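Dear colleague,

Please find below the structure that I am handing over to you.

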Amino acid sequence: MHPIDSKLPAVGTTIFTVMSSLALEHKAINLSQGFPDFSMDPGLIGEVHRAMTDGANQYTHMNGYPLLRERIAEKVSGCYGAAVDPQTEITVTPGATYAIYTALTCVLRPGDEVIAFEPAYDSYIPNIVVNGATPVLVPLSFPDYSIDWDRVKAALTPRTRMILLNTPHNPTGTVWKESDFRALEALVEGTDILIMSDEVYEHITFDGYRHPSILGFPALRERAFACFSFGKAYHCTGWKIGYCIAPPAFTTEFRKVHQFNCFSTNTPAQVGLANYLEKTEAYLDLPAFYQRKRDFFLERMRDSRFRWLDSKGSYFVLGSYGHFSQEKDTDFAIRLTREYGVAVIPVSVFYQDGRDDKVVRFCFAKKESTLQEAAHRLISV
């Protein structure tokens, strides 16, 4: 045997795999993993099918199918009023998680520090660590998961290389306001600190909230990588298609890593998406579409014992249970799966120290019949 000195010794199987496997074992409804269980638009499927039958089955440009990059630039201009060069600032990638990893890899070096907010999407910390950098963790303020900007300022050191943000936020469903971006703007002014902005849920916001992308703040955009997902927008998470937008010099470095890792992203999907992006209502209607699902689920859970935290975006809503049980959230989530047939995610797994506020995450990106049955099972918890 030839031992390997692990670069990620603390990393095992993710909680999403664990809970999904447990859901299969107990034939439970899976509200744990963030993917829809309903069909995507047949029109998009048709566009990809047509691309394949028309012969778009070989490598396309390393940076992304040219027409798709042009359509992304048009979308960004329409949504955020930002002019983006499709040739020098947009790279299409096999998913947003890949884009985040690539952005971190092209800039981080041993000794660098990256500020990340907890609870944090599970790929962030391993991405930082595998690149030899150090995560500096700033907790969001429970129970509203707001940002204490004084704590962020206190976390800055001469080694701070990057601040990693996520809005709309997974797992909490919170969204950044313009005031948050202005606070970040003031914090990094006069520094060389870079920003990684994860905006995969950009179109999924509720109650009149509008996602203010970092691309709409010129002083921040010039130091930022911004990553997005077609999978979240078009209910096709399994396609793993996303993109990164960054200033030309950043994009040059991003593509140096990208070309030797992936080289080219799925061609027929890119061709299909390029044509489908002309249908702007497909993403502009998402806030109302998902708010109906959130409200449908919460209405059917109204008489449950859970206390619901405010979700202003994403696929998720958090339920607090500490007023009726002191079980660890991991134990509670497993019990819900085994005894009630509904799988959820314990929020402690999004903290490096396992902080447990007695909160679990529910994914409502499901058919109404799925949500109805899940609520029926959970109402007696």
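The elements that cover the buried residues of helix 7 include helix 6 (149–155), strand 5 (160–166), strand 6 (194–198) and helix 8 (218–221). Buried means under 20% relative accessible area, exposed over 50%, and partly exposed in between, with a 1.4 Å probe and protein chains only. Helices (H or I, at least four residues) and strands (E, at least two) are DSSP runs numbered from the N terminus, and contact means heavy atoms within 4.5 Å.

The model is a predicted one, in which local features need pLDDT of at least 70 and side-chain atom pairs count only at pLDDT 80 or more, while totals for chains, interfaces and linings use all residues. Residues are numbered from 1 along each chain as its sequence is written, and side-chain values use heavy atoms, with hydrogens and water left out.

Helix 7 itself spans residues 178–188, and its buried residues are Asp180, Phe181, Leu184, Glu185, Leu187 and Val188. Viewed down the helix axis, these residues fall within an arc of 165°, so they line one face of helix 7; the arc is that of the directions from the helix axis to the C-beta atoms. An α-helix has 3.6 residues a turn, so residues three or four places apart point the same way. Just after helix 7, Gly190 adopts a positive phi of about 80°.

Seven strands make up an open sheet in the order 2-8-7-6-5-3-4, with mixed pairing; two strands pair if DSSP finds at least two bridges between them. Strand 2 and strand 4 (134–139) are the edge strands, each pairing on one side only. From one strand to the next, the twist averages 20°.

Strand 8 (residues 242–245) has antiparallel partners in strand 2 (residues 90–93), over 4 bridges, and in strand 7 (residues 224–229), also over 4 bridges.

Helix 3 lies across strand 2 and strand 8 and runs at about 115° to strand 2. Axes are lines fitted to C-alpha atoms, for helices over the stretch in contact, and angles run from 0 to 180 degrees between N-to-C directions. Helix 3 (residues 66–80) also packs against helix 11 (residues 267–276) at an angle of about 35°, the axes being 8 Å apart. Their crossing is left-handed, that is, the near helix is turned anticlockwise from the far one by less than a right angle. In this contact, Leu67, Leu68 and Arg71 of helix 3 meet Gln270, Leu273, Ala274 and Asn275 of helix 11. These residues divide into 4 nonpolar, 2 polar and 1 charged, where Ala, Val, Leu, Ile, Met, Phe, Trp, Tyr, Cys and Pro count as nonpolar, Asp, Glu, Lys and Arg as charged, and the others, Gly among them, as polar.

A further open sheet consists of 4 strands in the order 9-10-13-12, with antiparallel pairing. Strand 9 (307–308) and strand 12 (345–346) stand at its edges with a single partner strand each, so one side of each lacks a neighbour in the sheet. Strand 10 (residues 316–320) and strand 13 (residues 359–363) pair over 5 antiparallel bridges, and Ser320 stands opposite Val359 in strand 13.

His323 lies in the loop between strand 10 and helix 14 (329–340). Leaving aside neighbours within four places in sequence, His323 contacts Arg305, Phe306 and Arg307. His323 is partly exposed, at a relative accessible area of 34%.

Most residues other than glycine have a negative phi, and most peptide bonds are trans. The bond from Phe142 to Pro143 is cis, with omega near 10°, and Pro143 lies in the loop between strand 4 and helix 6. The bond from Thr167 to Pro168 is also cis, with omega near -15°; Pro168 is in the loop between strand 5 and helix 7. Asp207, which is not a glycine, has a positive phi of about 60° and sits in the loop between strand 6 and helix 8. His235 has a positive phi near 60°, lies in the loop between helix 9 (230–233) and strand 8, and is buried at 17% relative accessible area.

With kind regards
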